[in-house]
Every structure is written in C-alpha cells, then in structure tokens.
Amino acid sequence: MPDRSGPNPGRSVRGPSPEPEVVEAQLVDDLRRVRAEERSLEDKLLQIQSQELSLSHKPNGAGAAAVLAGGIGVFTIGFLTTLAAASVGVRNFLDWYSPAGPLSGKTTLGGIVWLVAWVSAHYLLRNKEVSFSRVTKALVVLLAVGLLLMFPPVFELFE
Amino acid sequence: MELSGREFWTVLHGMVFGAGFLLAFAGGLAGLWSLRAGLVTVEGLRDRIMRLRAGLVAMATLAWLTVLTGNYIVYPWYRAKPPSGADLAEYPRSFLLSRPSTAEWHRFGMEWKEHVAWVAPILATTVAFIAIYYGPRLTADRKLRRTVVALFITAFAAAAVAGIFGAFLNKVAPIR
C-alpha cells in the first residue's frame, strides 16, 4: 500500500499556471488541428463513398455557368427595372403585353438574357475546372446590384 | 362558400403555388445542408439525392407557376385602369393610389413585390439544375454546395418578400 499520509495526499505537484493568453492560443491551435483532421477524414470518407457510388469526376464548370447565369438574370431584371423608371421610351418599349405593362418586357427580356447566358456559359465551361471563389464573388456582385436596382427607393431616384 | 373566378386565381397564385414553394423550403434546405460525407451513408445519400432532386424540381416548378400566374393573370386585374365613375374598390392599383394613406402599399409594396418575385424561380431553377447535374457529387464540392445553399436561401427570401406583400396587399385592396 502506498503511503498516502501527509498534508495533501494524492495531489500532483504543478508549476505556476500559464497565462490565459497562452492557454487560449494553445486551444485555438488544437481546434485548428482538429478541424484540419476532420476535413482530411471527411475527404477520405468522400473518396470511399465516391468509389462505392461509382462516381466519375465532373468539372465544376457547368455549376459555375449555372450560378453565373442566375446572377446575370437577376441583374438584368434589376437593370431593366431602373432603366424603365428612368426612361419613358424604354418603359414603352418594354410594354410587350399591355394588360401587364412594362413588367412583361422586363421579365421576359430578363428571362431570355438569363437563358442565353446560361446556355453560352454552359458550353464554354462545362468541361473546365474553374476558380469557384471568383465565380462566387461575381455572383455576389451581380445579385447585390440586381436586387438593389429593383428596390423601389433606389429605382425611384431615377424617375 | 363561393369564390369568384378572380378570387380563385388569386388563391391559386398565392396560397397554393407561392405558399407551396415557401413551405417546401425548410425541407429543401435541410436536404442540401446535410449533404456532407460525415452525415450520410452511401445508402442514405442515394435515397436523399433522389428525394432532393424531385423536391427541388417541384419547388422550381411552383416558383415559375407563381410568377407566371401572378404576372399574366392576377396582375392585369390589379393594374386595370377604371373607367370614369367606376367603383375604385374593383381596381386595386387605382384604389391604393387614390389615398395618401394607402399609396405606399402600391409605390413600395407592389413595386418591390412584382420585381423581386422573379428572383425566386431563376435561382430555384439554378439550384435544381445543379442538384440534378452533380447529384451526390455535391457532397464532395464544399464551395459549390455552399453557393447552392446561399442561392436557395436568396430564392426563399425573395419569395418571402413577395408573399408577405402579396398577403398584405390582398388585405388592403383585394382582387374580387
């Protein structure tokens, strides 16, 4: 039997506790390492699952083309909305179906531009691997500007 | 319990097609969000992708039906010009603009709704295409999956703005 007598039996001897900043930095490092390991394991799991599902690689170009075209479609409708607010001539030109007024032209033309952009980009990019970060940045700009241009307080500034 | 022809189309546009899209959103988002290798088995992935593809195509179809019925069937009744001496209650746009207290419902609410609604079908179609084209490969491409989720949320937000204003406008100046 070990001798447990004494003032603090079983208590380990520790040095001075480290500064909180040091502990925090170590924890952040540990967290990063765990996340990196998690991603690496997820990638391995993906490889196994892809083999099980007999998946061949598909370049991300077709996805990028669809995403960019979606942004272009939204931007076009926004752009036409503001343009129609600014110009009577454009407003009259876009009146393709009188009961619905210029909205018919804005949305139909926006839809045509979206589809043409999509088909063109699809055939250009479908077999390519593209930088998705750049695609995402372009999408954010197109969506933000497009949505802003179809917001009444903004397009009314041009009336 | 009767509905006029106009009321029927308004209900179909907003309460069936539009509300169907909005209600299906949570399921679609959960499906897209959980397309991660660590969360699903191969069998689970096969099953989930099949349901997700069908669900996203149905949602894109609902979004298109909503904007097309809205734009070409309901909206013309909303914006019809009243003949002189007509009861303005039958002409929602003119009714709203006739009073300063309701004019903003048209100038802000309807003007925003009629344009922003079109964002939903465009982005929902993009999301459905990517789910069909890449299928289970979406689990492997984090950036593409995240972009798809962001587009899906944007489509929902646009539809929600249109839906909320549609409900309010139909309360303030109903189409009868």
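Predicted model: local features only at pLDDT ≥ 70, side-chain atom pairs only at ≥ 80, totals over all residues.

Entry 1. I looked up the accessibility of B:Arg51 and found 54% relative accessibility, so this residue counts as exposed.

Entry 2. I asked how many salt bridges the whole structure holds over all chains. The search returned 2. I noted the general point that side chains of opposite charge can pair when their charged atoms come close.

Entry 3. I turned to chain A, where A:Asp30 and A:Arg33 meet through their side chains in a salt bridge of 2.6 Å, N to O. These two residues are separated by about one helical turn, because they are 3 residues apart in helix α1 (residues 20-52) of chain A. For A:Asp30 I recorded a relative accessible area of 33%, which makes the residue partly exposed.

Entry 4. I next looked up the largest pocket and noted a volume of about 780 Å³. It is lined by 38 residues, and those closest to its centre are B:His13, B:Gly14, B:Lys113, B:Ala162 and B:Gly166. In chain B, the elements that give two or more residues to this lining are α1 (5-33), α2 (42-79), α4 (100-116), α5 (119-134) and α6 (142-172).

Entry 5. Which element gives the most to the lining of the largest pocket? I found α1(B), with 10 residues.

Entry 6. For the second largest pocket I wrote down a volume of about 470 Å³. Its lining has 21 residues, and A:Arg91, A:Glu159, B:Arg93, B:His106 and B:Glu111 are the closest to its centre. I listed the elements that each supply at least two lining residues here: α2 (61-86) and α4 (102-125) of chain A, together with α2, α3 (92-97) and α4 of chain B.

Entry 7. I found that α4(B) gives the most to the lining of the second largest pocket, with 5 residues. The lining of the second largest pocket divides into 8 nonpolar, 3 polar and 10 charged residues.

Note on methods: Residues numbered from 1 in each chain as written. Chains lettered and ligands numbered in written order. Heavy atoms only, no water. 1 Å grid on protein atoms, 1.4 Å probe; cavity = no way out; pocket = protein on both sides within 12 Å on 5 of 7 lines; lining within 4 Å. Points joined across faces, edges and corners; volume = space filled by probe spheres on them. Helix = DSSP H or I, 4+ residues; strand = E, 2+ residues; numbered from the N terminus. Nonpolar A, V, L, I, M, F, W, Y, C, P; charged D, E, K, R; others polar. Salt bridge = Lys/Arg side-chain N within 4 Å of Asp/Glu carboxyl O. Buried < 20%, exposed > 50% of the residue type's maximum accessible area, 1.4 Å probe, protein only.
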